[in-house]
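Colleague: I have the sequence and the model open. Can you walk me through how the helices pack?

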Amino acid sequence: MARLREPAPMELADYERTFRRSGLPLFIEDYSASSDVFTRAAPFLALVFIAEMLGAIDLDWPVLVNVIAAVGGLAVLIMAFGLFNRLLGREFWTLPQRIGPPELAAFVFIPALLPLIFGGQLRQVLLVIAGNALLLGLVYLVVGYGLLATVFWSLTRVADELADSLVRLVRALPLLLVFSLVLFLNAEMWQVFSTMPRAFVWLVGGLFVGLGGLFLILRIPGQVRHLEDDVRGDTPPLSRRQRANVGLTLVISQALQVFVVSVGIGLFFVAFGALAVGGEVRAAWDVTDGMWSYRLELLGNEILITEALLRVAAGMAAITGLYYAISILTDATYREEFLEGVTAEMSEVFEARARYLELRQAAGVADVAGVRIPE
């Protein structure tokens, strides 16, 4: 037993790094926000905390006054940090080894004192509190759920499966492609997108993206259960947070595929529109080119890239992307192909989890003592 306990910490640390790099940090047992998330982000949070000395300045003040205010704000932050340490029974200059609720509350509220002290800027106080709270939420999402590692993993899958994704698109959506071409060569389509205010163009694009994301999210729980049943084997079932971590990985992977396909469709329509929809056609359709245009020459003929063309191409890309997002969730063949590739990679992670849990059980003394495995 002694021989098992000695190598276990390093092996456990290796497995935990594997989970993080796979975008599944919640596979680490006893994973907590205070010990594993915010502590890892402490250098970044400290940098933001110091930078918030700028909350003491006011744009209406002279430059010299703002410099003095910023230096004074930094002094206030340092003093508040030291007094906070003393309140918690630590030395004045001690850096916290564990970031729990008291430290997080200090990060949110202490910088908000600066605009209140320097000029009584109440609105700025609320903005600082809301901004810091939002930042902590983003840090928890990015670090706690391994978002960056998940995106990197998904990008590698998109790169590997880009050709397959386009083949699936052509196979699964032939009628949509024909319909899209007909819709693209339609005067009303061009008139709608060319006359729409820019803000409304962004709102319509966001609507399509939101609907596509909603469809992906609603079908993820079933995919996670199916995936877990296929690859879990004899290991203990996943917790709710671990299933959410796997679900986030699947959502990002599928969303990136939809994004790549949408961009490809948009570029196709830009090229097709520049060649097929000339100035005479646009004039006959009573289409305005927008605020800018770019002229090119191809094979002795002039082609024009206009704002209206990009708007219509983006609209077609959004429509196609939405349909593609729905198709990959309702088409059984695509689901099987997608999950087959994911299952092969997830199987390795679940096998590592099984060995990880066995090692934890063998090194149970360290866990009982509450000792975290070193990195």
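Modeller: One term before we start: contact means heavy atoms within 4.5 Å. Keep in mind that this is a predicted model.

Colleague: Which helices do the buried residues of H4 pack against?
Modeller: H4 spans residues 42–51. Its buried residues are Leu-45, Val-48 and Phe-49. They pack against H5 (63–87), H6 (101–109) and H8.

Colleague: How wide an arc do those buried residues of H4 cover around the axis?
Modeller: Take Leu-45, Val-48 and Phe-49, the buried residues of H4. They sit on the same side of H4, because around the axis they cover an arc of only 105°.

Colleague: Which exposed residues does H4 carry on the face turned away from its buried side?
Modeller: Exposed means over 50% relative accessible area. On the face of H4 turned away from the buried side, the exposed residues are Pro-43 and Leu-47.

Colleague: Are H4 and H8 roughly parallel or roughly antiparallel?
Modeller: H8 covers residues 122–144. The two axes lie 12 Å apart, at an angle of about 165°. Angles over 145 degrees count as roughly antiparallel. H4 and H8 are therefore roughly antiparallel.

Colleague: How many residues of the contact of H4 with H8 are nonpolar, polar and charged?
Modeller: H4 passes H8 in a right-handed crossing. H4 brings Phe-44, Leu-45 and Val-48 to the contact, and H8 brings Leu-135, Leu-136 and Val-139. The contact has no polar and no charged residues; its nonpolar residues number six.

Colleague: What covers the buried residues of H6?
Modeller: The buried residues of H6 are Glu-103, Leu-104, Ala-106, Phe-107 and Val-108. Their cover includes H4, H5 and H8.

Colleague: How do the residues of the contact of H12 with H13 divide?
Modeller: The crossing is right-handed. Among the H12 residues in the contact are Leu-216, Ile-217, Gln-223 and Glu-228, and those of H13 include Arg-243, Val-246, Gly-247 and Gln-254. The division is two charged, three polar and nine nonpolar.

Colleague: Is Ser-262 buried or exposed?
Modeller: Ser-262 is found in H13. Leaving out residues up to four places away in sequence, Ser-262 touches Ala-317 and Gly-321. Buried means under 20% relative accessible area. Ser-262 has 13%, so Ser-262 is buried.

Colleague: How far apart in space are Leu-12 and Tyr-356, C-alpha to C-alpha?
Modeller: Leu-12 has its place in H2 (residues 8–21). At 2% relative accessibility, Leu-12 counts as buried. In sequence, 344 residues separate Leu-12 and Tyr-356. In space, C-alpha to C-alpha, they are apart by 6.3 Å.

Colleague: Now the whole chain. What share of contacts between residues at least 6 apart in sequence join residues at least 24 apart?
Modeller: The protein chain has 17 helices and two strands. Of its 375 residues, 41% are buried. Among contacts between residues at least 6 apart in sequence, the share joining residues at least 24 apart is 75%.

Conventions:
Residues numbered from 1 in each chain as written. Predicted model: local features only at pLDDT ≥ 70, side-chain atom pairs only at ≥ 80, totals over all residues. Heavy atoms only, no water. Axes fitted to C-alpha atoms, helices over the stretch in contact; angles between N-to-C directions. Helix = DSSP H or I, 4+ residues; strand = E, 2+ residues; numbered from the N terminus. Parallel < 35°, antiparallel > 145°, perpendicular 65-115°, else oblique. Left-handed = near helix turned anticlockwise from the far one by under 90°. Nonpolar A, V, L, I, M, F, W, Y, C, P; charged D, E, K, R; others polar. Buried < 20%, exposed > 50% of the residue type's maximum accessible area, 1.4 Å probe, protein only. Arc of directions from axis to C-beta.
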